[in-house]
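Please keep the sequence and the three-dimensional view at hand while reading.

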Amino acid sequence: MKLYGNKKTALLFIAPALLFVLLFIYYPIVQNFFLSLYRWKAFGEERTWVGLQYYKRIAQDPVFLIALKNNFLYALISIVFQVGFGLVIAAILEETFFRRFQGFFRTVFFMPSVISITVVGLLFQLVYHPSIGLLNNFLKAVGLENLTRAWLGESGSAIFAIVATSQWQYIGYIMLLFLVAIQKIPRGLYESAEIDGAGALQRFFYITVPQVKETIIMTSIITVIGGFKVFDEVYVMTAGGPGRSTEVLATYLYRSGFRNDEMGMASAIASIIFVITFVLTLVQLYVNKRIAED
Amino acid sequence: MGKAKGWNPSRALVMFLLIIYSILIIYPLIWMLLSGFKDNQGLFLDTWGLPKTWLWENYVMAWKQGIGRYFVNSIIVTSVSVILTLIISSCAAFALARFDFKGQSVLLLIIIGGLMLSPQVSLISLFKFLQKLGIYNTYLALIIPYVAYRIPFTTFLIRSYMLSLPREVEDSAYIDGCSSWQVFSRIIMPMSKPILATGALLTAMSCWNEFMFALVFIESDKFKTIPVGLMNLRSSLSTNWTVLMAGLTLSVVPMIVMFLIFQKQLVRGITSGGVKG
């Protein structure tokens, strides 16, 4: 064991990684809390102490509630579609009958998640476009003209149109995680259930679902955390509008910092995002540990 | 098991739904590709049809309007970030997987703990910090944060792989008097090639597609990468949608091609981490 005990050499190997992580991940997080206590601008050195004033302002800001609500909506819808449909599609593709088509469908369904969110956002902006858009043209073609609308231009539909785009992009990603989980289930379970006369639905509810319980919990937490981190799609498609109706925490942060030049306010919002995502991550770690112990 | 192979109405229905869903995924992408060849009038009057004349000029124009430059920037930022991330992470993974020393688990926790922290939270303070370092609005303003944020996951990925490698070759190399560096570069690294490929692929994808840092840490057009560049293209083209679609198509080609070629490595990386992005 002497060969592997050289601490100095080990530290030398690990030093660059440690330096990067400490300087550019941990330090900015700590620094952010201090920066939220001052009034300061994006360019320039001046800063004025304001204490917790920005936090008070955020608490009273109706936009904060809109953002929180939209993040929550994002998380909730993503769980239903990404985790729900992801699991169902994976279970179907792992059925004996459908397995021979799996390669094709897996590739197609997963493909959108390798494309950048910016491209997907800009593409769907055109898909939702009132006159040239695919969606309205499709509705007209099938005689549902009365359903056509400016999807991203109306505050009632805009946030749903954005969330729907995310589902289009990421159902296949979560599906992939489920495919791997289902492949680990012992085949014998299915075979004996089949001999006992269990149908496809029964096998799904009594074997697949309980066997991939861990993956269901893990993917749910990933999607919830993702729902609270969302920025790109919203910024690209509506930048928070119309009005402030599609604002999420991250766009609220961006607008405060780089549109209104209130960097302290933006830091305060960042601290709130930190608390939310950190708590969710701790829940994830706790659940993972519980699962590992089982 | 003859029953399991044949068609029946419910299987046909499920198949039908799977095909519909596939069309929902693929059609918008094909629409983007084809619309890139139309003019605006063709897009208005015949959204569904094939272009009447194939306007390759749109693609040329999108390229000249900026996609070309953004492409070069993305290639520079992505390739440097990938190389640095892999070197730094595999060194750290080597120390964490192939050594035994006091404090090792704490260091592991510090590095992998970086996974828990989301980039949004440090957006503002990093912006300030990069200004202070004098690298705001340069390639380094993207490369350094990208590398930092990719290290935790990549180290985790490579470390798990290195833990599974046998120790025999390494043992005899040490006994023959090789230094740690020689063992690392001549034995461990070559053995880790598959996981390095996976790590490179995931890092490349995330750097190529990253948007928020690229939006905030770069100001001048000449350093912008594709995702932010596309936003510029959108405003400069205003209603010239078909050229924009050509630009969108050009910018996804590298990722789609990479995905189709390296699907296996990609899947391995994603499922071993369970981390999005």
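Buried residues make up 43% of the 277 residues in chain B. The structure is a predicted model, and the values below are computed from it. Chain B is more spread out than a compact globule, because its radius of gyration is 24 Å, well over the 19 Å that the globule rule gives for 277 residues. Along its principal axes, the C-alpha trace of chain B spans about 75 × 70 × 35 Å. Among the contacts in chain B with a separation of 6 or more, 78% are made by residues 24 or more positions apart.

Chain A may be described in the same terms. It contains 13 helices and 2 strands. Its C-alpha trace spans about 75 × 75 × 30 Å along the principal axes. Of the 294 residues in chain A, 43% are buried. Residues 24 or more positions apart supply 70% of the contacts in chain A with a separation of 6 or more.

The next topic is the meeting of the two chains.

Several residues of H1(A) are buried, including Ala10(A), Phe13(A), Ile14(A), Ala17(A), Phe20(A), Val21(A) and Phe24(A). Against which elements do the buried residues of H1(A) pack? Within chain A, the partners are strand S1 (38-40) and helix H13 (263-293). From chain B, the partners are helix H4 (56-98), helix H5 (104-113), helix H6 (119-132) and helix H7 (140-163).

A straight helix of 43 residues would span 63 Å at 1.5 Å a residue, but H4(B) spans only 55 Å between its end C-alpha atoms. H4(B) also bends by about 60 degrees at Lys64(B).

The nonpolar interior comes next. The largest nonpolar core has 154 residues, and Leu253(A), Ile269(A) and Ala92(B) touch the most other members. Leaving aside residues up to four places away in sequence, Ala92(B) touches Phe13(A), Ile14(A) and Ala17(A), as well as Ile111(B) and Thr155(B). Phe13(A), Ile14(A) and Ala17(A) are among the buried residues of H1(A).

Helix H8 of chain A, residues 187-195, is hardly covered: among its 9 residues, the count of buried residues is 0. Just after H8(A), Gly197(A) takes a positive phi of about 90 degrees.

Finally, some details of the backbone may be considered. Most residues other than glycine have a negative phi, and most peptide bonds are trans. Which residues are joined by a cis peptide bond? Gly241(A) and Pro242(A) are joined in this way, with an omega of about -5 degrees. Pro242(A) is found in the loop between helix H11 (232-237) and helix H12 (249-259) of chain A. Asp261(A), in the loop between H12 and H13 of chain A, has a phi near 55 degrees, a positive value in a residue other than glycine. Asp261(A) is partly exposed, with 14 other C-beta atoms within 10 Å. In chain B, Asn137(B) has a positive phi near 65 degrees and lies in the loop between H6 and H7. Asn137(B) counts as partly exposed, with 15 C-beta neighbours inside 10 Å.

Notes: Residues are numbered from 1 along each chain as its sequence is written. Chains are lettered from A and ligands numbered from 1 in the order in which they are written. This is a predicted model: local features need pLDDT of at least 70, side-chain atom pairs count only at pLDDT 80 or more; totals for chains, interfaces and linings use all residues. The radius of gyration is taken over C-alpha atoms; the globule rule is 2.2 Å times the number of residues to the power 0.38. A residue is buried if 20 or more other C-beta atoms lie within 10 Å of its own, exposed if 12 or fewer, and partly exposed in between; C-beta atoms are placed from the backbone. Two residues are in contact if their C-beta atoms, placed from the backbone, lie within 7 Å. Helices (H or I, at least four residues) and strands (E, at least two) are DSSP runs, numbered from the N terminus. The expected span of a helix is 1.5 Å times one less than its number of residues. The bend at a residue is the angle between axes fitted to the seven residues ending there and the seven starting there. A nonpolar core is a set of buried Ala, Val, Leu, Ile, Met, Phe, Trp, Tyr and Cys residues joined through C-beta atoms within 7 Å.
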